[in-house]
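Biologist: I would like to learn how to read a model like this one. Can we take it feature by feature?

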Amino acid sequence: MLDSLYQRALLKRDEINQKISDDFRDADVDPSTEWIPHNIKEDDGKCSIAAGDGSINKKNFMGFIFYAIDAECLVFNDKLMKIGNSEIDIIPHHDFVEDRLRNYMGIFEVKNALRALKEHEIDYLLFDGSIMGNLIRPIPMEKRLKAEIKDKIKDKYVHKLRDALDIDLNNSRVGITSSQFTEEMKEFEDPVNAMIYLESIENLLVIKKLLENERSVMGISKTSTNREYFDYKIPDMAIFDRYSREEGFTKPKPIGISKRDFPVEDKFFMGLTFTIFYARLENHKNILKFELPYEANEKDIKKILGTIKNHSAEGYPLLLKKAHNDVVIKRKDLENLSKIIGFMEKSGREML
């Protein structure tokens, strides 16, 4: 079967490449109006910089799902310091496993960052990915739970969760604080989805605490499908990347939060304005998307890029790269962890 796919690739190579060329040629956009060529000068002044990342992987068994989380935040201020946390556990099979585990990883990442901000003087804290994307991602089972159930969870448990979160954060404990209420969630007809809803609220609460440090925080993405600049079927990042391979950045673009009715802290989140821009730190290296949780101008961006470039290699922040390499959980790692635990149950794939 694979042989026929290789043959098909050879036959369709020119046709597919022509489609790509046509899409770019037909784009009625002018990237030159948004791109600012700029020779980024490295800022060699004293600066404390931090970067965080997380990883999660899972293995399906017939009766449960085994998962592992690894997350860390690196801090560099004359010397390199590490704040890291990890977890392994099992959860039952249910409809929202992927979303739930991704939420867990996000909570670990943000709590590590909050601990770094508490324990160190940090000028810039870099996040791998989009903070705004994590914020506006729909709560997976929100439409499945009845309004009265959601209201009961908010009325009865959110204040308890806030108190428990404050205790955990004050003691630099990183984990899923909502798990303290697992037994209490059994009062609901669907305790699993009730718990997932509470965990999603916890994610919003810790993101809010992070964004209260707005001038320190920025998200950096290697990929993006967003279309805020040109509203064309091709993502902005691809258009800018094709237009110029030289150092520079785009004009800053303020973006408000479009999602409505956050279950908690709605006024705070809806009052946020993010600034997004794309930049290339070195000629012919990859373009990156930057996301700041405040309104920034071109002068602000030039200062930020000078600092980030001073802590980068090959056009990418060194701490983000190291954090990613430190935490990534490979399939082989998960296999070894499951053997250490002693899992003997079949996954259902042994015959393949």
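Predicted model: local features only at pLDDT ≥ 70, side-chain atom pairs only at ≥ 80, totals over all residues.

Modeller: We start with the core. The largest nonpolar core has 88 residues. Those with the most contacts inside it are Leu 126, Leu 135, Met 218, Phe 277, Phe 290 and Leu 305.

Biologist: Which helix gives the most to this core?

Modeller: Helix H5, residues 191–211, with twelve residues. There is also a second, separate core of twelve residues. Ile 65, Val 97, Leu 101 and Tyr 104 are included in that one.

Biologist: What is Met 218 in contact with, leaving aside its neighbours within four places in sequence?

Modeller: Contact means heavy atoms within 4.5 Å. For Met 218, one run of partners is Tyr 124, Leu 125, Leu 126 and Phe 127, and Ile 131 is a partner too. Further along the chain, Met 218 meets Phe 290, Glu 291, Leu 292, Ile 304 and Ile 308.

Biologist: Now the whole fold. How many helices and strands are there in the protein?

Modeller: Ten helices and twelve strands. The radius of gyration is 22 Å, close to the 20 Å from the globule rule for 352 residues, so the protein is as compact as a globular protein of that length. The C-alpha trace spans about 60 × 55 × 45 Å along its principal axes.

Biologist: What share of the contacts joins residues 24 or more positions apart?

Modeller: Count the contacts with a separation of 6 or more; residues 24 or more positions apart account for 74% of them. Buried residues make up 46% of the 352.

Biologist: And the surface and the charges?

Modeller: The accessible surface comes to about 18,700 Å², and 48% of it belongs to carbon and sulfur atoms. There are 56 positive and 62 negative charges. Their mean positions are 2 Å apart.

Biologist: Let us zoom in on one residue. Is Phe 249 buried or exposed?

Modeller: Compare its relative accessibility with the cut-off: buried means under 20%. Phe 249 has 0%, so it counts as buried. Phe 249 lies in strand E7, residues 248–250.

Biologist: Where does the chain come back to meet Phe 249?

Modeller: One place is Ile 36, 213 residues apart from Phe 249 along the chain, with the two C-alpha atoms separated by 5.3 Å. Beyond its neighbours within four places in sequence, Phe 249 is in contact with Glu 34, Trp 35, Ile 36 and His 38, among others. Its partners also include Phe 277, Tyr 278, Ala 279 and Leu 305.

Biologist: What should I look for in the backbone angles?

Modeller: Most residues other than glycine have a negative phi. Asp 231 has a positive phi of about 50 degrees, although it is not a glycine. Glu 265 is not a glycine either, and its phi is positive, about 55 degrees.

Biologist: Where do these two residues lie?

Modeller: Asp 231 is in the loop between strand E6 (217–221) and helix H6 (236–243). Its relative accessibility is 68%, so Asp 231 counts as exposed. Glu 265 lies in the loop between strand E8 (253–256) and helix H7 (266–270). At 21%, Glu 265 counts as partly exposed.

Notes. Residues numbered from 1 in each chain as written. Heavy atoms only, no water. Helix = DSSP H or I, 4+ residues; strand = E, 2+ residues; numbered from the N terminus. Rg over C-alpha atoms; globule rule 2.2 N^0.38 Å. Buried < 20%, exposed > 50% of the residue type's maximum accessible area, 1.4 Å probe, protein only. Areas by Shrake-Rupley, 256 points an atom, 1.4 Å probe, with all protein chains shown as cover. Lys, Arg positive; Asp, Glu negative; His and termini not counted. Charge placed at Lys NZ, Arg CZ, Asp CG, Glu CD. Core = buried A, V, L, I, M, F, W, Y, C linked by side-chain atoms within 4.5 Å.
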